[in-house]
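Subject: Handing over a structure, with notes

Dear colleague,

I am passing this structure on to you, and my notes on its cavities and helix contacts follow below.

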Amino acid sequence: MSGRSAFLWGAATAGHQVEGNNINADIWLLEQVPDTRFVEPSGDACDSLHRWREDVGIVAVLGLNCYRFSIEWSRIEPASGQFSDAWLDHYARMAAACREAGIAPVVTLSHFTSPRWFASLGGWHNREAPALFARFADRAARRLAPFVSHVVTFNEPNLPLMGRWSATPLADPMRAGLDAMLAEAARESGSDRCAVWVYSRGEDAALANLLAGHRAAKQAWKAARSAVAIGMSLALPDAQPVGDSAIAAYRRFAERPFFDVAREDDFVGVQNYGRMRVGAKGVVPPVADAELTESGDEYYPRALGAAVAHAHEQTGRPVLITENGIAAADDAQRARYIPAALASLDDTRASGVPVLGYIHWSLLDNFEWRRGYTQHFGLVAVDRATFRRTPKPSAHVYAREVKKRQRSRVWANIACSNERNAK
Ligand code: BGC
């Protein structure tokens, strides 16, 4: 780990989005059914299953000291109760290789995907779900805990609640399409259900199970090694009121249940992709002349600092920024974005908010879920035919911004005081 400052500078990926052929996962199945709502299947993804050493090497070459990746539950436990030591070894090798390269491995246990068998038992609606997740977390902890620095139990578990709050669920054609796809996947699995949290309505009973799963997984990891820092990562746009705003209702619904639990954790994970303007009835679209990103979102880098301050204010916990970035067809936009977002983070840190690290999304151009390979979040381009990785100019901009801060005395002092706060 790098010298005097423990501040983490990283880049992130997620198993299903980069590994390839994640065939026992529920989302793989959703990609295959006739009525799929995915524009294309994930297929080989970035072939990181075979090229992960190269990925770790790029993180190191960029001068970063942290790599966030996820472990795939459906590989480790392809059938309920059957664990694969070989796959656990695979992820242990990845984490150990990071350590050897001076890179802190930040490991996500659940990044949107679950095993098919788990989805066909009702996913988080199943009363047994917390125990099933804890059993997996326990096996992973026993093998990986010696290497891992931080664990993120769930990636953006509040996302379905954001969707439910802001949309008109039953009449919404997108919702109907998702339901049809899930029903086909259920039939395909020989079950009457296929429950995939990220495409759910975020129902209360399932949410209670998921939060119980978070606590149980944390316990398993703490039992294996108490020094591992554990939290969950929340989707946190910088929510801003517009006019007679329903923002308080939004926060009660999509943030509070998670902040309440995060208060017990070692850190709160923040994933920020801009601002969200909230009017009386819900989300207000960007103003007409707003600059947009490739994904049609507003380009608004200073949202990062605000979201970080809010997460700390609500939880009292130190913040780990586990994702931040933009989809950019033109890499020059990302190259502008990174210094601007980091400047807003500087301001927030200077105001005394403890921040443990910043992890950019994403290391690689990868499989962007229902939008397939059409979105470019990567610091590194990946040739879809050869899988060749080519760092983009924005990767070098990021590396320079990191170096500048690592060398700055003022910045290092803030980092040290954060370390104290974090204990
Ligand atoms: C997710 C990533 C996704 C990114 C960009 C986050 O919500 O964690 O998996 O690729 O946003 O959309």
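Which element gives the most to the lining of the second largest cavity? That is α3, with 4 residues, where helices (H or I, at least four residues) and strands (E, at least two) are DSSP runs numbered from the N terminus.

Before the rest, please note that this is a predicted model, in which local features need pLDDT of at least 70 and side-chain atom pairs count only at pLDDT 80 or more, while totals for chains, interfaces and linings use all residues. Residues are numbered from 1 along each chain as its sequence is written, and side-chain values use heavy atoms, with hydrogens and water left out.

**Cavities**

A cavity here is a set of points, on a 1 Å grid over the protein atoms alone, where a 1.4 Å probe fits but cannot get out, and its lining residues have an atom within 4 Å of a point. A volume is the space filled by probe spheres set on the points, which are joined across faces, edges and corners. Searching the whole structure gives 3 cavities of 30 Å³ or more.

The largest cavity has a volume of about 110 Å³, and among its 13 lining residues Ser 110, Phe 112, Phe 154, Trp 197 and Leu 210 lie nearest its centre. By class, this lining has 8 nonpolar, 3 polar and 2 charged residues (Ala, Val, Leu, Ile, Met, Phe, Trp, Tyr, Cys and Pro count as nonpolar, Asp, Glu, Lys and Arg as charged, and the others, Gly among them, as polar).

The second largest cavity holds about 70 Å³ of space, and of the 13 residues that line it, Val 18, Glu 19, Ser 48, Tyr 67 and Met 94 lie nearest its centre. The elements giving two or more residues to this lining are α1 (15-18), α3 (48-61), β2 (66-70) and α5.

**Helix contacts**

The axes of α5 (residues 85-100) and α7 (residues 129-144) come within 9 Å and cross at roughly 55°, the axes being lines fitted to C-alpha atoms, for helices over the stretch in contact, with angles running from 0 to 180 degrees between N-to-C directions. The two helices are therefore oblique to each other, since angles under 35 degrees count as roughly parallel, over 145 as roughly antiparallel, 65 to 115 as roughly perpendicular and the rest as oblique.

The axes of α7 and α10 (residues 204-224) come within 8 Å and cross at roughly 25°, which makes α7 roughly parallel to α10.

With best wishes

Key
On a 1 Å grid over the protein atoms alone, a cavity is a set of points where a 1.4 Å probe fits but cannot get out, and a pocket is an open set with protein on both sides within 12 Å along at least five of seven lines; lining residues have an atom within 4 Å of a point.
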